[in-house]
Amino acid sequence: MNSIRGIAVSPGVAIGKAWVLTEGVGRVSYRTVDPSEVATEHARVDRAVSESLRDLETLRDRTRERDKDAAKIFDFHIGLLRDRALIDPIRADIARENVTAEYAVSETLQKLADTFRSATNEVFQQKANDVVDLERRLVGKLAGDAIDLKRLGGSTTEPAIIIAHELTPSEASQFHHAGALGFVIDGGGLTGHTSIIARALGVPAVVGCGTATQLISDGDEVIVDGSLGTVIARPDAETLTRYRLDRDRIRARHQSLQEVAALPSVTLDGVQMRLMGNIEFPEEVRATLDNGGDGVGLYRTEFLHLTSHTAPTETDHFEAYRRTLELLQGRSLTLRTLDLGADKYTQEHSAEQERNPFLGLRSIRYCLRHPGLFKTQLRAILRASALGPLRMMFPLICNLMELRRTKLIVRDLCEELAEEGIAFDPNIQMGMMIEVPSAAIMARVFAGESDFFSIGTNDLTQYTLAVDRGNERVASLYTAADPAVISLVKSVVRAARHSSREVSVCGEIAGDPLFTMLLIGMGVRTLSMTPAQIPVIKRVLRLVDIPRCELLARRVGSFESERQVTSFLRDELRRIDPEALVGSTD
Ligand code: PEP
Ligand code: MG
């Protein structure tokens, strides 16, 4: 028996025979063609690109059925392939150097991947993997066969656990369709695209395993614990029996959660809660409703910018919002205006990188500095407000002037639309995110001018504790269970209730069952989360009553350390729903 520790990226337990991928596609060797064959090589590139686009669209559509978010990865690949800036240098290489299409594709894309790899920004580094994925796909097409799973190694024809040094999102998806039970990867990280795909496909996966490909042999019995981040090769009989039980329990829980999704979000003593979805694209409305959500509590509209190479037009924005409202069929939509900056978009497009982007020109600050871009979006929001229940919310408001300036711009645009005879909702609600300590501390003042609050605990935690939310070196310090964060959330809820303003929570803790009772006990009645978490939270809230939650919140309010808070919340959750932590990566 051999146990390997890695990073838990996709929960669940898989048990099966190992299929070790010992060789990758590798670099293509240098070969030239006669100058008269350049046109033929160009045509081969074009054919490989169009066939790859077709495959990718199928892959994207198949993935979308399970997880809209994960499907965006293939949208990104499609976008890259359609980009002339990527394809033209390949064609130029062939014409200039008289090299084969395979060589030109490989060299151009490998160079691009190297550039991404050398960036310090994690988002760029991830893109290197995407570019390599495309390179393998195109080279495979040129060689006359798409990624041939058999060619990558392995000997078993049974559903197997894939052990690989690296795996691209496309390969992960294809292995899944070929019946892979789990993934064990030497490299990779929690937020890597292959990890996201594994989660979307519901395939248990552990990454960052270092030398798993050397420690495990083809055909070995392997257990993948994607919740704990453990891989066990050649387990003994006792371990195998224990894990088989765990696997069956997780499956049963998944089934029972699907049944909970259809039930009302009501506590034991009859208090109605609202569970909403956090989305990035209109298509995610389906996942929200399928999981029993009541509407969308946070639409991260900046993703429209992040997936296109040019700034979206007013029509692009409007179409996305119209489609979202259409899919919601009368349910409410809270649309957050562009939250660009920090790690999103602007650093890539800016000539000068900021030294402290999270404290720099981001979110509402960025929009106020770029009124043209902001107004384009605001006009589209206002136009969409005529079509259904839509309200807008501004990110990262730090002081009253920002809120006032923003509302003034909206009012000006309302006048503009009225003059143009374009319909909009003149009473559209304008709320704000509470995600920096200054806004939380001054919540009573903001409540006088903001129609509603939504607490963004992801940023609130990072700014309260001075911990970069994306830096793994300080990840252990990043926790919303810190009493300072909890105290701020509590005071915001109190301020909102005092002024009869609606308050919701849309940071990650809204979808974490550990915090459900605490948030209810503080007085929160609307939670907005990743759609897949809605049934888990619904199950917990249906098992508790308000007095119990209020008592719990009072106890938590007396704690002085994060450890006390976490262990208390864990004990209480276990008492209510012993299964709640099973299958979670917590
Ligand atoms: C938050 O900060 O909690 C939030 C919901 O916004 P985002 O995660 O998009 O920054
Ligand atoms: Mg935020």
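**View 1. Strand E10 and helix H19 at the shell of ligand 1.** Strand E10 (296–300) and helix H19 (457–465) each supply at least two residues of the shell around ligand 1. Helices (H or I, at least four residues) and strands (E, at least two) are DSSP runs, numbered from the N terminus. H19 gives the largest share of this shell, 3 residues. The model is predicted: local features need pLDDT of at least 70, side-chain atom pairs count only at pLDDT 80 or more, and totals for chains, interfaces and linings use all residues. Residues are numbered from 1 along each chain as its sequence is written, chains are lettered from A and ligands numbered from 1 in the order in which they are written, and side-chain values use heavy atoms, with hydrogens and water left out.

**View 2. The residues around ligand 1.** Ligand 1 is surrounded by 14 residues, a residue being near if one of its heavy atoms lies within 4 Å. The closest are Arg300, Arg336, Gly456, Asn458 and Arg469. Sorted by class, the shell has 7 charged, 4 polar and 3 nonpolar residues. Here Asp, Glu, Lys and Arg count as charged, Ala, Val, Leu, Ile, Met, Phe, Trp, Tyr, Cys and Pro as nonpolar, and the others, Gly among them, as polar. Domain 2 (252–273 + 432–586) and domain 3 (301–428) each contribute at least three residues to the shell; the bounds come from an automatic or database domain assignment.

**View 3. Polar contacts of ligand 1.** A polar contact is a pair of N or O atoms within 3.5 Å; within protein, one must be able to donate a hydrogen and the other to accept it, and residues adjacent in sequence count only if both atoms are side-chain atoms. Glu435 places a polar side-chain atom 3.0 Å from an oxygen atom of ligand 1. From the backbone, a polar atom of Thr457 is 3.1 Å from an oxygen atom of the ligand, and a backbone N or O atom of Asn458 lies 2.8 Å from an oxygen atom of ligand 1. Taken alone, ligand 1 exposes 290 Å², and the protein buries 98% of that. Accessible areas come from the Shrake-Rupley method with a 1.4 Å probe; for residues, only the protein chains shown count as cover.

**View 4. Strand E13 beside strand E12.** In strand E13 (residues 430–434), 5 of its 5 residues are buried. Buried means under 20% relative accessible area, exposed over 50%, and partly exposed in between (1.4 Å probe, protein chains only). Strand E12 (residues 390–394) pairs with E13 in the parallel sense over 3 bridges; two strands pair if DSSP finds at least two bridges between them. Met393 has Gly431 of E13 as its bridge partner.

View 5. His317 is in helix H12 and counts as buried because its relative accessible area is 1%. The side chains of His317 and Tyr321 make a polar contact at 2.8 Å. Leu327 also belongs to H12 and, at 13% relative accessibility, is buried. The C-alpha atoms of Leu327 and Arg286 are separated by 7.3 Å, with the two residues 41 apart along the chain. Gln329 is in the loop between helix H12 (314–328) and strand E11 (333–336). At 63% relative accessibility, Gln329 is exposed, and its phi is near 45°, a positive value in a residue other than glycine.

**View 6. Arg234 in the loop between E8 and H9.** Arg234 lies between strand E8 (230–233) and helix H9 (237–261). Its phi is near 50°, a positive value in a residue other than glycine. Arg234 counts as partly exposed because its relative accessibility is 34%.
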